[in-house]
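Q: Can we go through this model together? I'd like the overall picture, then some ring pairs.

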Amino acid sequence: EAERLVVMGKQLHQAEDYERAFSCFKSAAEKGNAEGQMLLALCYRDAIGTRGNKKNYFSWLKKAAEQGLVGAQGLLGVCYAQGTGVKASLNMAQKWLTEAANQGDKKAKDALRIVIQNKAADSYNSGIGKIKRKADFRHFGAQVEDISEALPDLKKAAEMGLPEAQVILASHLGLRILQSLILCHLTSCGFLSWPFLCCKEKFP
């Protein structure tokens with residue numbers, strides 16, 4: 001029954017009978033059909049046969065994604081990344097985009113790369129902010145050279161491939177401390193070390 005409603009809804013949509021198409025998708029979605037749930041979500045997103053509603057878009061998309069529908073998983077990841085119908089969360093965005101990307105969704109792979117870059121930038125900026133706060137109070141005895149408070153954030157950014165963070169870590173830590181992280185990085189990038197990666201970008 002639910003599958004039949006989805007097919008009927010698609011036919012009505014092609015015939016530009018949007019309100020009846022919306023009704024079919026809604027009935028299918030309420031019966032637990034994942035494709036119907038995603039199509040209903042898209043109706044709410046694009047105001048097809050109904051008023052646009054970001055929260056309903058997110059809600060029905062999440063139901064479809066939780067049933068394993070790849071397209072819905074990718075779109076849900078983007079919702080979390082952009083804060084569409086839900087509070088923005090790069091961690092949740094990464095989770096759902098990874099689910100879709102692992103099943104061959106090319107758009108999800110592209111979006112996942114952007115999310116990881118944004119997470120790296122956030123961690124880097126957080127670390128730099130902590131160093132800057134020390135610098136702001138250097139005349140009151142703060143040790144600017146001590147970046148231990150910023151290290152966890154900079155380490156996260158470096159592990160996600162941000163060259164600026166990699167350079168700071170390489171400058172302040174011995175290579176022996178970085179060895180385990182560099183070895184992990186080798187498996188994904190093939191370079192000898194993070195400093196080499198940064199140099200390679202400057203000197204091809």
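Q: What are the ground rules here?
A: This is a predicted model: local features need pLDDT of at least 70, side-chain atom pairs count only at pLDDT 80 or more, and totals for chains, interfaces and linings use all residues. Residues are numbered from 1 along each chain as its sequence is written, and side-chain values use heavy atoms, with hydrogens and water left out.

Q: How many helices and strands are in the protein chain?
A: The protein chain has 11 helices and zero strands. Both are DSSP runs numbered from the N terminus: helices are H or I with at least four residues, strands are E with at least two.

Q: OK, rings. How many aromatic pairs are there?
A: Two aromatic pairs. Rings of Phe, Tyr and Trp (its six-membered ring) pair if their centres lie within 6.5 Å; planes under 30 degrees apart count as stacked, over 60 as edge-to-face and the rest as tilted.

Q: How are F22 and Y44 arranged?
A: Their ring centres are 5.5 Å apart and the planes are at 90°, so the pair is edge-to-face. F22 sits in helix α2 (residues 18-30) and Y44 in helix α3 (residues 34-46), so the pair ties together parts 22 residues apart in sequence.

Q: Is F22 buried or exposed?
A: F22 counts as buried, at 11% relative accessibility. Y44 counts as buried too, at 10%. Buried means under 20% relative accessible area, exposed over 50%, partly exposed in between (1.4 Å probe, protein chains only).

Q: And F58 with Y80, what are the distance and angle?
A: The centres lie 5.3 Å apart with the planes at 90°, so this pair is edge-to-face. F58 is in helix α4 (residues 54-66) and Y80 in helix α5 (residues 70-82), so the pair ties together parts 22 residues apart in sequence. Both F58 and Y80 are buried.

Q: What lies over the face of W60?
A: K63, at 5.6 Å from the ring centre. The rule: NZ of Lys or CZ of Arg within 6 Å of the ring centre and within 35 degrees of the ring normal.

Q: Switching to confidence. What does the pLDDT average?
A: The protein chain averages 79, and 70% of the residues score at least 70. pLDDT is the predictor's confidence in each residue, from 0 to 100. Residues 135-145 are below 50, with seven contacts beyond near neighbours in sequence. Residues 175-179 are also below 50, with four such contacts.

Conventions
Contact = heavy atoms within 4.5 Å.
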